[in-house]
Amino acid sequence: MSVLPYLKPTSRQRLGRLASYAVGVIFILLILVFTDWAHIQKVFFNPEVAVEMWPAIVTVAMKNTLIYTVSSYILGSLLAIVLAVLKLAGGPLGWFASAFIELFRGIPALLTIFSMAYVLPIAFGLRLPSVIAGITALTIVTGAYAAEIVRAGIQAVPSGQTEAARSLGMGSGQTMFWVVLPQAMRIVIPPMTNEFVMLLKDTSLLYIGGFAIMEKELVTFGQDALSMTGNATPIVMVAIAYLIVTLPLTWLVGKLEKKLDPKR
Amino acid sequence: MNNLFPNLESAQAPVVVRGLHKSFGDNEVLKGIDLTVEQGEVVCVIGPSGSGKSTLLRCLNLLEQPTKGSIQLLGAEMTDPDVELNQVRTHVGMVFQSFNLFPNMTAIGNCVIAQRQVLKRSKAEAVEIAKKNLELVGLSDRMDYYPAKLSGGQQQRVAIARALSMDPRVMLFDEPTAALDPELVGDVLAVMRDLAQAGMTMVVVTHEMLFARDVSDRTVFMDGGVIVEQGPSRDLITNPGHERTLIFLKRVLNPTNVDDSELGETEPD
């Protein structure tokens, strides 16, 4: 029987935590001492540059970002429901829906946007205004991704619901519209809110189609301001503008997931 | 449409099953069922789990596609692909073990939706009929509750009211009390008894032997995918003619008193 001074696991954990705190504190102190704070402030948080961007960053850039996001989100969600229902119904249309979903989930969103803006005009002479082309492309991409979310939601509705509706004499379409879809929508609220956040950020890809001045969204706007002022403050402001929208939404998703989890 | 219901108003029995077979893959669950239910008759189907009694009931309104055989429901041949199933099902109420109420609608909403969508009744008429039926099942004070706020027994009674709101000619019950707490079973059975006494044609798959004995006209005992025997309920339950029926009834009516000779043969449930 040895009487070595073994430490209890909890004590060992406490020691380890203390050590990691110490390392962290030293690291932060080093940064504080050796950083040129005046320079950081001038480059990233320059009030003169910030004032210059005001109010266009909100009235033009953020407004456009939200317009592009909301319109492609609404259209994309409708497309997603149609694709999901068709896919589940099977047959030639279901096959088409599957192919559509796999295609646009399988290629980068940027390629879809690029195709809308440049390939369509070259191939078919169809030249859409760049904003319309961009929203169309994002609608397609969102539709393809959200279709799988909606499909999973529909399949998560217990089969007893369909059986009950059908045994009341309701047709398959009536059953889908009145019984299954409303319940599926509830189930997909959290993932669909995530989809909105993703889409919000993906609107930055629309720059590839080219924008008129009043059509610029946040990233393009920030990029232009960066190259004009030679200062990084616009990028910081753009980042903050995104976070103002995305952080509450992400928080909301967490809330909703908790609230919708138990069976109502 | 009318030619699809040649016998809807005739004297033919509302449920006529001939040579019904149903397989799930290699597993044959129903092995040739013949069953007739007369107008106004209450028939209970009993038997051990896995005997095929629920499958039989679900085949009747074609929730399950039969493998072989003929099912005539309200005079319509259900296995005929040309028969408009929705139209027949409208007249056949179904009550499920797990209630299957629509959770996104209130009790009265559950009773109204199919009246509006299928029977195309006006909103006022549908609401009135729904209210009448919810009253009938003793839930006039719970009309605006969502299913999640109702007890199992209340949910099942809403489900019965929902089916009744379609003015069914036949009611099918698939173990309606099997998912209920024991103290809630009585309310549901009382509603079903009232319904039976009002002359509704009913097919009830159940484990409630006393209900079968006292309420139903005829009891059918199934085992292994066949009908072993059937007869007037009181006779069959108090004095069964087959040994399998006898063993089953003994076990159900007196689950703790296991005969010594059976020990080791079967695992306790």
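## Two helices of chain A

Helices α7(A) and α9(A) are oblique to each other, a word kept for angles that are not under 35 degrees (roughly parallel), over 145 (roughly antiparallel) or 65 to 115 (roughly perpendicular). In this predicted model, the axes of α7 (residues 130-156) and α9 (residues 172-202) of chain A come within 8 Å and cross at roughly 140°, where axes are lines fitted to C-alpha atoms, for helices over the stretch in contact, and angles run from 0 to 180 degrees between N-to-C directions. Helices (H or I, at least four residues) and strands (E, at least two) are DSSP runs, numbered from the N terminus.

The contact (heavy atoms within 4.5 Å) includes A:Leu138 and A:Tyr145 of α7(A), and A:Met176 and A:Glu195 of α9(A).

## A sheet in chain B

In chain B, six strands form an open sheet of mixed pairing, in the order β6-β7-β8-β3-β9-β10, and two strands count as paired if DSSP finds at least two bridges between them. The edge strands β6 (92-95) and β10 (226-232) of chain B each pair on one side only, and the twist averages 15° from one strand to the next.

Strands β3 (residues 42-46) and β8 (residues 201-205) of chain B run parallel and are joined by four bridges; B:Val45 has B:Val205 of β8(B) as its bridge partner.

## Basis of the values

Residues are numbered from 1 along each chain as its sequence is written, and chains are lettered from A and ligands numbered from 1 in the order in which they are written. Local features need pLDDT of at least 70, side-chain atom pairs count only at pLDDT 80 or more, and totals for chains, interfaces and linings use all residues, while side-chain values use heavy atoms, with hydrogens and water left out.
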